[in-house]
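Please look at the sequence and the structure shown here before reading on.

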Amino acid sequence: MKHFTLFLMACISTSIAVAQTDYSKSLSGIEWVKIESKSDITLKTSNSNELLIKGSRYSKTTEKAKGLRLVGEGGSDNTEVGFYVIQDGNSLIVKNLRKSEGATIYLPKTQNVSVKSTWSGDIEIDGFSGEIEADAQLNGSIEITNVNGPVTANALNGEVIVKFGKVKQDSPISIYTTNGEVDVTLPSNTPANLTLGTTNGDIYTNFEFKREEKDGLKSISGRKVRATINNGGVNISLKSTNGNIYLRK
């Protein structure tokens, strides 16, 4: 019984510690949530109209830092989970102040989101139907899954993977990396105008392309391809400087 009581107390203590790593804020009136981080960021959907940050449960404040506030580029911790959060008009600015600890952030499925990795963090986004912007500015990869677009994704040193559930036709899609591969999956019936280009890589697909023609001549360049699928539609641009392009059904 004594052991069980101690175990129960440990569980209660642990649950309190976990609760203290969370931060939430209403998204009423917010059109865009703009997130900036130097480490990994994962975005997932929730049914609540609020921002929920789940920080690392293993984060500890050293004895020397107790009573002091964490400070980073552009702000100081006003969330108690290592983030700086402030509203700017109809945008909510969210900055991760820790360089080595990532976080999982929950947002409504329809939220427009912009995520920027400024140092060495990967970006993962899953399940959103709003507009998505992802920018890995130094060392980091991008993986975006189960989305409808529009999507703008850029990486410097990392691959970019995007898997669409369906593709909205009202805004263009642009995906680019300098040093890495681009791997995009579309529903097979997606109408699109394609521009695919790689300087030092190859292009692969299992779609049937209708190549762009000029004066009856078709492009045969392997580095840059302009074509349509399913009679044309939304503009989709996939580019890499030093990597392959994969476009698959």
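**Strands and their pairing**

Strand β12 (residues 132–139) and strand β14 (residues 151–157) run parallel and are joined by six bridges, where two strands count as paired if DSSP finds at least two bridges between them, and where strands (E, at least two residues) are DSSP runs numbered from the N terminus. This is a predicted model, in which local features need pLDDT of at least 70 and side-chain atom pairs count only at pLDDT 80 or more, while totals for chains, interfaces and linings use all residues. Residues are numbered from 1 along each chain as its sequence is written, and side-chain values use heavy atoms, with hydrogens and water left out.

How many salt bridges does the structure hold? There are two, a salt bridge being a side-chain nitrogen of Lys or Arg within 4 Å of a carboxyl oxygen of Asp or Glu. In one of them, aspartate 22 meets lysine 54 with an N to O distance of 3.0 Å. This pair links distant parts of the chain, since aspartate 22 is in strand β1 (residues 22–26) and lysine 54 is in strand β4 (residues 50–54), 32 residues apart. Aspartate 22 is partly exposed at a relative accessible area of 25%, and lysine 54 is partly exposed at 30%, where buried means under 20% relative accessible area, exposed means over 50%, and partly exposed lies in between (1.4 Å probe, protein chains only).

Aspartate 183 and arginine 248 also form a salt bridge, with their closest N and O atoms 2.9 Å apart. Here too distant parts of the chain are linked: aspartate 183 is in strand β17 (residues 182–185) and arginine 248 in strand β25 (residues 245–248), 65 residues apart. Arginine 248 counts as partly exposed, at 33% relative accessibility.

One of its members, glutamate 124, lies in strand β11 (residues 123–126) and is partly exposed, with a relative accessible area of 39%. Lysine 166, in the loop between β15 (160–164) and β16, is exposed at 51%.

The backbone also deserves attention. Most residues other than glycine have a negative phi, and most peptide bonds are trans. Glycine 149 and proline 150, however, are joined by a cis peptide bond, with omega about 0°, and proline 150 lies in the loop between β13 (142–147) and β14. Asparagine 230, in the loop between β23 (224–229) and β24 (234–240), has a positive phi near 55° and is partly exposed at 37% relative accessibility. Asparagine 231, which lies in the loop between β23 and β24, has a positive phi of about 70° and is exposed at 81% relative accessibility.

Conventions:
Helix = DSSP H or I, 4+ residues; strand = E, 2+ residues; numbered from the N terminus.
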